[in-house]
Amino acid sequence: SGDDEEELALHAKFGEGFTLESEDARFQLRTRVLNQVDGKLFLPTVQEPARSGLYIPRFRIYFEGQLTDLVEYELSLQRSVEGAFDVLDANTNFHMSDAFQVRIGRGLVPYSYAWYDHLEQYYITPERGLFALNFGLARQTGALVHGRLHDDRLQYAFAATFGQLSGLADTNSSRDGLGYVNLRPFLHSEEIPFLQFLNLGGSFAIGEQVYGGKPLPLRTSLQSSENDEAAEAASSIFLEFKDTATVSGARWQAALHAACYTGPFSFEAEWYTGQFHVAPDPSSDTTAVPLSGYDVTVASFLTGETIEDRSTLVPLRPFTGGSDTGPGAIEVFGRYSKLNISDRIFTADLADPEDWTNRAGMTDIGCNWYLNRFVRFTLDWQHAMYSNPVLLNESQDLRSRTNDLLWLRCQMYF
């Protein structure tokens, strides 16, 4: 309408980021910042290329809002551990109703609860479990149909994306299909209050890699789409493909999840399976490599906070540093994750069994300290276990069935 073309006065507020909005809230610009700094101590300390030190896994700037009630937008930039700024999200969402929305552009894809339900700044542990960390689909460009039905009891999302392996360029000539369903059957039930925020669901992704790509090493504590020096230094590696190995052909993944949030407690579990094709070199035939895994996470607040999901946490008694300070919010957690890859990874000459493993388990035990709604510290002891010894330092010929990480993260998000 003609009114939409008029200049509008804007009002500023601060809460979920800095927001400028029109008086009727139909036009909004919201800015948020995420900064994470990690201190990592790898044990044994002589690992190479993994090196103890300070890392910045994520620095992000988010710009989001709406242009009338129909059109929502999101643009975000990220500096990851590699040190380069890239586009993280760039999309437009047409919000016809809560039940039916269409998002076009780059953003999260609807595969796995660990990736699609909540962002990294809300995680219980510093990073995802072994399967989701190494085989998650991250962000891609495409079209997404999504919404919530039956008074928010049912969430759905289906997408067609270009399915690149890493980076931003669309180098693939086929498209991936993805789907996600999450059911909260007791959301409005008063008869079973402790199951009110129970989540049950599943997801899938199918596609084909037409142009061959180089597979990344499998890591324990870093999400990265590249394999430069910084990425190699920031995490232990338990499987590295041969230099000539090439990913090509059909691939599929599926996952089932269950999560429940009640009182101070959080419970999250997900089981994954999939298959991809790899050749020992570009001129050889590919081999189908099945894989599977799971993770289970439990957590509890010790300071009285209660939650309904993983989102912004406001401590009951924030830590201010002054005479009237409270303790903040303290949450303890534990997680076990498991990844199994077929022996074909070795029998097809895709990786060296003398140096690497195709079966890994990992525990994370630690605590989160929320000073206030904006600042959080996470302390995590991560213990990785392998079915056969992995190469930790080539020059010293050091191999081990286990390794550890003492991990301290400082996060600021507003």
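Phenylalanine 135 and phenylalanine 276 are both buried. In this predicted model, the two residues form a tilted aromatic pair, with 5.8 Å between the ring centres and 35° between the planes. Phenylalanine 135 belongs to helix α2 (residues 130–135) and phenylalanine 276 to strand β15 (residues 265–279), so the contact ties together parts that are 141 residues apart in sequence.

**Aromatic pairs**

A second tilted pair is made by tyrosine 294 and tyrosine 336, at 6.0 Å centre to centre and 50° between the planes. Tyrosine 294 lies in strand β16 (residues 287–301) and tyrosine 336 in strand β17 (residues 329–341); the pair links distant parts of the chain, 42 residues apart.

| Pair | Centre to centre | Angle between planes | Class |
|---|---|---|---|
| Phenylalanine 135 and phenylalanine 276 | 5.8 Å | 35° | tilted |
| Tyrosine 294 and tyrosine 336 | 6.0 Å | 50° | tilted |

Ring pairs also join Phe14, Phe18, Phe374 and Phe414 into a cluster.

**Strand pairing**

β15 and β16 run antiparallel over 14 bridges, and tyrosine 272 has glycine 293 in β16 as its bridge partner. β16 and β17 are also paired in the antiparallel sense, over 11 bridges. Here leucine 291 has isoleucine 341 in β17 as its bridge partner.

**Charges over rings**

**Nonpolar surface patch**

A nonpolar patch on the surface is formed by Leu10, Leu20, Leu29, Phe63, Leu75, Leu77, Phe85 and Val87, which together have about 630 Å² of accessible area. Strands β5 (71–80) and β6 (85–97) each contribute at least two residues of the patch. Leucine 20, one of the patch members, is located in strand β2 (residues 17–22). The relative accessibility of leucine 20 is 37%, so this residue counts as partly exposed.

Terms used. Residues are numbered from 1 along each chain as its sequence is written. This is a predicted model: local features need pLDDT of at least 70, side-chain atom pairs count only at pLDDT 80 or more; totals for chains, interfaces and linings use all residues. Side-chain values use heavy atoms; hydrogens and water are left out. Rings of Phe, Tyr and Trp (its six-membered ring) pair if their centres lie within 6.5 Å; planes under 30 degrees apart count as stacked, over 60 as edge-to-face and the rest as tilted. Helices (H or I, at least four residues) and strands (E, at least two) are DSSP runs, numbered from the N terminus. Buried means under 20% relative accessible area, exposed over 50%, partly exposed in between (1.4 Å probe, protein chains only). Patches are made of residues with over 30% relative accessible area and no salt bridge: like charges are joined within 9 Å, nonpolar side chains (Val, Leu, Ile, Met, Phe, Trp, Tyr) within 5 Å. Accessible areas come from the Shrake-Rupley method with a 1.4 Å probe; for residues, only the protein chains shown count as cover. A salt bridge is a side-chain nitrogen of Lys or Arg within 4 Å of a carboxyl oxygen of Asp or Glu. Two strands pair if DSSP finds at least two bridges between them.
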